[in-house]
Structure formats: structure tokens, C-alpha cells
Amino acid sequence: MIVKWWVTAFQLTELFVSSLVHLSYGFYLFSTAVAGDVSQSVNNWIFKPKFEGNKEIKSSNDLPPIVLVHGIFGFGKGRLGGLSYFAGAEKKDDKVLVPDLGSLTSIYDRARGLFYYLKGGQVDYGEEHSQACGHSQFGRVYEQGHYPEWDEDHPIHFVGHSAGAQVVRVLHQMLADKAFKGYENTSENWILSITSLSGALNGTTRTYFDGMQPEDEKLIMPVSLLQLCRIGVIVYEWLDIPWMKDYYNFGFDHFSMTWRKVGIWGLLDYLLGNAGPFASGDWILPDLTIQGSIKLNRHLRTFPQTYYFSYATKHTTKVTGFAVPSGIRGIHPLLFIRVLQMSQWRHPQDVSPPYKGYRDEDWWDNDGALNTISMTHPRLPVEHPSCLVIKDSDCQPLQPGIWYYKIIEGDHILFVVNRERAGVQFDLIYDSIFERCRKHVLRKTTTLPNQVPPE
């Protein structure tokens, strides 16, 4: 009995500390964005910069755009003021797009939104899916697509961080399946390359530490970090304060959770778990469990004409056969304890393993948010073709239909939000990504400027 009380006390203490750290980091980002906006406004008022017009990607003679897709709790251009999720990496190339897809919406809903962000029009989530998940079939309207000419002759490069990599893979499959009503000509060849940066390709054990139940990927533990997150998001969406949602949006507008629509009784319904995204499972966390990822991956292919490259991060090392954090220096304070926890993961003995051949030790190496085994290439339920890259020269020229991957030392957010943390490695990573997009993975039928097209 005493041991049980000690364990409970420890878990509550851990929950309190974890919640405090996450809230503090969130407040830091929010206040940084506000301070940056105020500073920029003052600077513009004093110096009155010249208007340069809107920068659009329209010319069919341009090189294909590179689309950077954010991960969980992420944001696109226009959110959090002038703060950049990709820490300014988008400035390295003239043809880069950074869509805002909602920070907690499901992989499926994000993929649908990403299509209409590029092509234009009103987001259509599909009648069957919308009815099953209890939200409106139609969402945001894009009066002008950010790359409306997108098709097989004008394909795109995608770079996805964290859950963003899986969003792109789901979109890729939707294109191949011609899943967008009114766009019967879509195909897998609309995408030239996919680069996964610390990508959640096979799920993560972090979801279980934060509150998802291993026996059912849609259920949240009653006392957990995600339970607090759920309550906070519901209240945020219900209050519907315009300037705050313009600044940061969880992406649940299609659920119509505002006080104007549902009133106080609707709020209680959401909090009790009877309705909304957390009741239906149509949000990001179920998709990031190992079981949820396996369900997604069953329908996702690696296509023979698309180039794939993945960067898997880890901040652990092996000591006498066990994984431990590889050091305190260089890791974000928010992630050190998380790296330690994930390196000690044990799947509950009273719950069936997520797949045949599962071993805890395979999932110990991690970056504080994702397991390294999950980031290299799609493995579950079927392993896709892959090749470990030690030196770039060893895999030239790249072949389509193969997941080339590198394992690099770093935590999960080393290459986003704050570029100073990564130092010169930040430039090396993004320069290599953009160079690969621009020079190494264009299809043979694609003609670069000033080149003679093949006869």
C-alpha cells in the first residue's frame, strides 16, 4: 500500500512538473512572437518600408516549389506573428511555401487541407469521414491557391517535420487514389520528392507516456498530460477569441466548438467526452501511437517515381546494452527528461504487443519525442525499401522508390523554431535538403531552365 502511494505521488509530481515546463515553453514562444511583432511594428512605423507586392508562385517556367509541412503543435506562415516554425529555413530558397494546417488536427484532415491550400477552393473532408467523425464536411476557403497549376507537369517537393512527414505521405496516397472530388486527374506523380525531417513514420512510444492508452489508441488516461491538454484545447476553442485564434489555431474550426454554436451545454458535452475531436479520435495523437501509425501505413505506398530521403534524430547512446541520454549539453531542457523516459520504455505486460516481433529495446533510441526506429523509413506493418546513408557520395545518384536515410545526433526540435541551437548544422541540413530538391531529384522528363528538352 505504501509503495502504491509513493508511485501515485511520484506520477502526480511528474505530471505537475511536465505540465509546468510545457506551459512555460508555450508561454515563452507566445511572448516571443508578441515581442517580435511589437518590435517589427515599431520598426515599420519609424522607417516605413516600401511595399513590394505579394510574392506568388505562378510561372510554369519556375522550378517546382518546396513545401515545408509542420508537425504537432506546429504552425505555418502567418501564425504566431513573425515567428518561423522552420527557424527561417524558408528564406534559403525563393520558391518555398509554409502552410498552416492546424496544430492538433488529424493526419487525414491535415492532408485534405494541404491539397486545397495548394490548389485553392474550399476544403472538402469527404462526406463519409465527416459523418463518422462528427464535423462539417467543408472547411476553410482558399480564394486563391498557393500553387494552382499543381499537376503531373508541375509537381512539388515536400519536406515534413515530425508528423508533417506522415501528412505528406497520406496526401501522396490520396493523389494516387484520386480521392479529391472534381480532380480526377491526380496521380502519385504530382509529388517529385518527400524529405522526412525527424518524421513520425511509424508512431512513437512518447504518446503512451503523455497519456494515450496502449490497449486503445483513441483513449486518454484520466490523469495525464494529454488530459490537461484536451481540457485546455476545448476551452480555447469554445471561447473563440478572434485575435488569439488568428495568432495560434489548433485547427478544429470544422468541429464548430464555439460558444456561439454550442452554448454552455455543448461545452459540458465536449468536456465529458461525448462529442468533438477527442471523442471521435479525429485528432493527431491517435495517429502518432504505434497502433494508429500501423493502421495508416497499411494504406500507404512508396511510389517508384518519387524520391525519398529521411533524417532520423537521436540523443541517446548505448551503455552496457541499455540506452541512456547521450549528454546534457546540446539538448533542449524540455526534452532531456523525455529522452530519459523513452530510453526506459517497457510495453505493459498485460497488453498485447502492437505487432509481431515487437521488442522494447528496438524503441529505446530516441530524440525526446520520437523513437529513432520510427524515423528512418516506413517499417510497419510492412518494411519499405531503404538504404542507410553514411556519406552522400555513397548513394549518388539517388534512385526513386527507395527511402535513403541518415541518423544524426540531435533532439526533436533541433532544426525548428530556434536556428541558433543547431548552429552550423542547421545550414548544413537545410542546404543539403534544398540542393537535393533543386539538383538531384528532378525526373528525367523535367527540364531545368536553359536546358534543351529531351526529344
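Entry 1: I started at Thr320, in the loop that links strand E10 (316-319) to strand E11 (322-325). This is a predicted model, so everything I note here is read from a prediction. Thr320 is not a glycine, yet its phi is positive, about 50°. Is Thr320 buried or exposed? Its relative accessible area is 71%, so I put Thr320 down as exposed.

**Entry 2: another positive phi.** I then looked up Ser256, which sits in the loop between helix H7 (242-247) and helix H8 (259-271). Ser256 isn't a glycine either, and its phi is also positive, at about 50°. With a relative accessible area of 27%, Ser256 is partly exposed. I also wrote down Lys178, which follows helix H4 and has a positive phi near 55°.

**Entry 3: the sheet.** Next I traced the strands. I found an open sheet of seven strands, paired in parallel, in the order E2-E1-E5-E6-E9-E13-E12. Which strands stand at the edges? They are E2 and strand E12 (386-388); each has a single partner strand, so one side of each has no neighbour in the sheet.

**Entry 4: walking across from E2.** I went along the sheet pair by pair. E1 (residues 66-69) is joined to strand E2 (residues 96-97) by two bridges, and the two run parallel. There I found Val67 opposite Leu97 of E2. On to the pairing of E1 with strand E5 (residues 156-161): it is parallel too, with four bridges. In this pair Leu68 stands opposite Val159 of E5. How many bridges pair E5 with E6? I got six, again in the parallel sense. One spot I marked there is Gly160, whose bridge partner in E6 is Ser196.

**Entry 5: the two faces of E1.** I wanted to see which way the side chains go. In a regular strand they alternate between the two faces of the sheet. E1 shows this: Ile66 and Leu68 point one way, Val67 and Val69 the other. All four of these residues are buried.

**Entry 6: the helix over the sheet.** I turned to H4, residues 163-176. H4 lies across E1, E5, E6, strand E9 (307-314) and strand E13 (403-409). Against E5 it runs at about 145°. How well covered is H4, and how many of its residues are buried? I noted 14 of 14. From first C-alpha to last, H4 reaches 20 Å, close to the 20 Å expected for its 14 residues at 1.5 Å a residue.

Entry 7: What is Thr205 in contact with, leaving aside its neighbours within four places in sequence? My list reads Ile290, Met342, Trp345, Trp363 and Asn371.

**Entry 8: two helices side by side.** Packed helices are described by the angle and the distance between their axes, and I looked up both for a pair. The axes of helix H6 (residues 225-239) and H8 come within 9 Å and cross at roughly 165°. That angle makes H6 roughly antiparallel to H8. From H6 the contact uses Arg230, Ile231, Ile234, Trp238 and Leu239. H8 brings in Trp259, Val262, Gly263, Ile264, Leu267, Tyr270 and Leu271. The crossing of H6 and H8 is left-handed.

**Entry 9: one more residue in H6.** Leu225 belongs to helix H6. At 16% relative accessibility Leu225 falls under the 20% cut-off, so I count Leu225 as buried. Leu225 and Gly211 are 14 residues apart in sequence, and their C-alpha atoms are 6.2 Å apart in space.

**Entry 10: cis bonds.** Last, I checked two prolines. The bond joining Leu380 and Pro381 is a cis peptide bond, with omega about 0°. I found Pro381 in the loop between helix H13 (372-375) and E12. Gln396 to Pro397 is also a cis peptide bond, and there omega is near -5°. Pro397 has its place in the loop between E12 and E13.

Conventions:
Residues numbered from 1 in each chain as written. Predicted model: local features only at pLDDT ≥ 70, side-chain atom pairs only at ≥ 80, totals over all residues. Heavy atoms only, no water. Expected span 1.5 Å × (residues − 1). Buried < 20%, exposed > 50% of the residue type's maximum accessible area, 1.4 Å probe, protein only. Contact = heavy atoms within 4.5 Å. Pairing = 2+ DSSP bridges. Axes fitted to C-alpha atoms, helices over the stretch in contact; angles between N-to-C directions. Parallel < 35°, antiparallel > 145°, perpendicular 65-115°, else oblique. Left-handed = near helix turned anticlockwise from the far one by under 90°.
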